[in-house]
Amino acid sequence: MKKRLFVMMAVLAMTVTSLAGCGGSSNAAVDIPKLEDNEKIKTDKKTFEFDSEGYAKIAANGKYELSIDKKYNNVRVKQVSTGEVWSTAIEGATAEADKALFKVSYFNASAKEASPAQRYSTKMNVGTTYAIKDDSGNTIGIRAEYKDKDLSIGVAMDIYLTDNGLEIKLPMGSVTEEGDYKVISMDICQNLTAAKNTEEGYYMYPDGCGAIMEFQDASHQNENAVEYKIYGDVQQYKNMLGEWDEAGDEVFLPIFGAKIGNKSFLSIIKDGEETASINIIPKPEEGTNKMYCTFTYRNLFNDVRKDKDGNEVTKNRYDSDMADLRRVVSYNFFEAGEDITYADMAVKYREYLTEECGIKKKTDDTHIPVSMDIFMGINEEGTIRDSFKAVTTFEEAEKMVDELKKKEIGNLEVQLKGWTDKGYFTDPVQFPANSDIGGNKGLKSFADKYKSDGGVKVSLETNLLEAKAEEGGYDSNTEIVIAGNYNPITDAEATTYLLSPNVAAGKLNQLLEDIKDSKAAIDGISFYSLGQYVTWNYSNDNMINKSQCKKIWEDMLEKTAKEYDKVTVQGGNQYILKYANKATDIPYEDSGYRMSTKSVPVFQIAVHGLVNYTGGALNLSSDQDKEKLKWAEFGYVPFFELTYSGSEELMHTDYSELFSSTFSSWVDEATEVYKDFNKNLIDVWNEFIVDHEEVQEDVFKVTYENGKVVYVNYNDVECEVDGNVIDKNSYLVK
């Protein structure tokens, strides 16, 4: 199992005290949104009639029938056309874990040490049941109440039959606590995916681009359980990690799926997904694997204190208050007997994005673009004083764009990076533009030149999430993210902090005003890291939970999309998809857990045709030929990060990524990729992917909605597929 090393948080009081010199805030934070559950449901108290097996039919809609178990309120969903049944209990099981609809984890808040414990629904008393009615008075589900008298904990769960199968809802106020015992989390339907290693099938989960674990693949046996936190774990935020720490998993999509024998489903976490995780429990050869959704109600922190002898003692600390919000997870069943693939699951999820989330298919690209980050400048620390390294001025950036236009690149997306007053890595300081690269006047001249040029779009990259200790522009006492152990989230050297989400939103408002004041005719904003994580904040001044943070991020993106044509976001968390034109840093692979059989492009299948996305910069790739083939296979925008001067100018700065970035060395390559992609791939550029499969070893076939097929051969020898010969290390469109 891959090891997980967690970020170290500063614990000394002097760390917090030293922040006082960072300066006060210059921007007004936005109001913290209030969360509400406005859904109104109709319920009637009802006692149901149970058959000889102890089940009562609750609802039917022609496609499915929903039944509830008398003893535990376990659920069965029968598919009418096939007679197949999905159950939330393992038939004939004796272990409580295998019979339970859900599991509650809890702790005793009055105890000195917060040790977690667990209670399955089978050990809770089933209370009153209610029939849930639609507007026509038809029963469409059941509200089941559970009560644990020993713990004084109650749970009310709404169970719905839908046109696609099953939906579980936990409305606001559905969890009650009347004593010392407090809820930590709740596992939902952990037995619905129960599968033995002898079964045909797999689990699909959103690790990176996506991954599957095949039951008959022995590599997962005896591996440890894995928890994927949706939208990431801010305690493993990339820029706060030490040299030997490992970044957290990238989990952009709130979905998971399973094919078990002849039955398959896709689960979508529709509400409260920012508090959810996907847990996979791989088992030994004779065991039963499980995968399920867990909703977190209280976060855990390591509280480091001094004992009476002056020794550091670490204790578990859970939130005192429960995150009370609406949580919903759906299970969308496929027709039993169909050979369902990960591509089918990704397509089903895309249908949810378009039909229920209102995300529209893109139609604006008449040419496949080239995306180019232009890195401009950064401070270099000196012995006596710092100096500014300007590797691209606005005039030089103009030369770069004009050169690409001369080479007939007709769709160029430019993101300016390190343009700010003090250059790159001086967040949250933004305007004015740095004088060494041309200042506001240079920015205006550059942006104005291409405003009427439909083939060039100019965006400013901004990092509104991080704050450098020495730069100022924020109030270190009230405006940074504080963890639940009262310590700020920071790196090992205490040089970087995270801004509270509402403060970041205030910084965006100021940035948009500054852009207007500069009169620079830019086309868009490129948001650093906004699509990679959501955070909480335990500061008394800005108390925010993850759901409020997600709402703030959405509001920021919506506001920007109303004012600018281009919204670019680093990361691909689901909430960006409605507002962004482009997502960056989308991985080609999963995280590399040994339990995973292989990575699969679930993100790309689901998102292609909705939002453009980029991966790594070609000029920074160790295998450029393979990188371009990945772009062709997965539908990526070609991407470069370039400078006008040589990257050796950055050798002694804190930005060491650009080992090969000189524009003159890459202009021909950028031109070649642009022309190649637009010649061969333009017919599939705005199309949905409907299938993706490995047809031979390292040979892939990607099918699009319009019938076009892209074959990609990663081998050093040519191959033949469907009567077509694909050259070695090449792709073919038919």
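## Loops, helix packing and overall fold

Pro432 is found in the loop between S28 and H5, where helices (H or I, at least four residues) and strands (E, at least two) are DSSP runs numbered from the N terminus. This is a predicted model, in which local features need pLDDT of at least 70 and side-chain atom pairs count only at pLDDT 80 or more, while totals for chains, interfaces and linings use all residues. Residues are numbered from 1 along each chain as its sequence is written, and side-chain values use heavy atoms, with hydrogens and water left out.

The peptide bond that joins Phe431 and Pro432 is cis, with omega of about 0°. A cis peptide bond joins Asp427 and Pro428 as well, with omega of about 5°, and Pro428 has its place in the loop between strand S28 (412-417) and helix H5 (439-451). Most residues other than glycine have a negative phi, and most peptide bonds are trans.

Phi is positive, at about 50°, in Cys189, although this residue is not a glycine; Cys189 sits in the loop between strand S13 (181-188) and strand S14 (195-196). Ser529, likewise not a glycine, has a positive phi of about 70° and is found in the loop that runs between S32 and H7.

Helix H6 (residues 501-518) and helix H7 (residues 546-563) pack at an angle of about 10°, their axes being 9 Å apart; axes are lines fitted to C-alpha atoms, for helices over the stretch in contact, and angles run from 0 to 180 degrees between N-to-C directions. On the H6 side the contact (heavy atoms within 4.5 Å) involves Pro501, Asn502, Ala504, Ala505, Leu508, Asn509, Leu512 and Lys516, which meet Cys549, Ile552, Trp553, Met556, Lys559, Thr560 and Glu563 in H7. By class, the contact of H6 with H7 has nine nonpolar, three polar and three charged residues.

Beyond H6, Ala520 lies in the loop that leads from this helix to strand S32 (524-527). Apart from neighbours within four places in sequence, Ala520 is in contact with Leu443, Lys444, Ala447, Asp448 and Ile515. The C-alpha atoms of Ala520 and Asn440 are separated by 7.9 Å, although these residues are 80 residues apart along the chain.

The structure holds zero disulfides, a disulfide being a pair of cysteine sulfur atoms within 2.5 Å. The table gives relative accessibility for residues that count as buried (under 20% relative accessible area; exposed is over 50%, partly exposed in between; 1.4 Å probe, protein chains only).

| Residue | Relative accessibility |
|---|---|
| Cys189 | 2% |
| Cys209 | 2% |
| Cys719 | 10% |
| Ala520 | 9% |
| Ser529 | 0% |

For the protein chain as a whole, buried residues make up 57% of the 734 residues, and the secondary structure comprises ten helices and 43 strands. The C-alpha trace spans about 80 × 75 × 50 Å along its principal axes. The radius of gyration of the protein chain is 27 Å, which agrees with the value near 27 Å that a compact globule of 734 residues would have; this radius is taken over C-alpha atoms, and the globule rule is 2.2 Å times the number of residues to the power 0.38. Among contacts between residues at least 6 apart in sequence, 68% join residues at least 24 apart.

How values were computed: Nonpolar A, V, L, I, M, F, W, Y, C, P; charged D, E, K, R; others polar.
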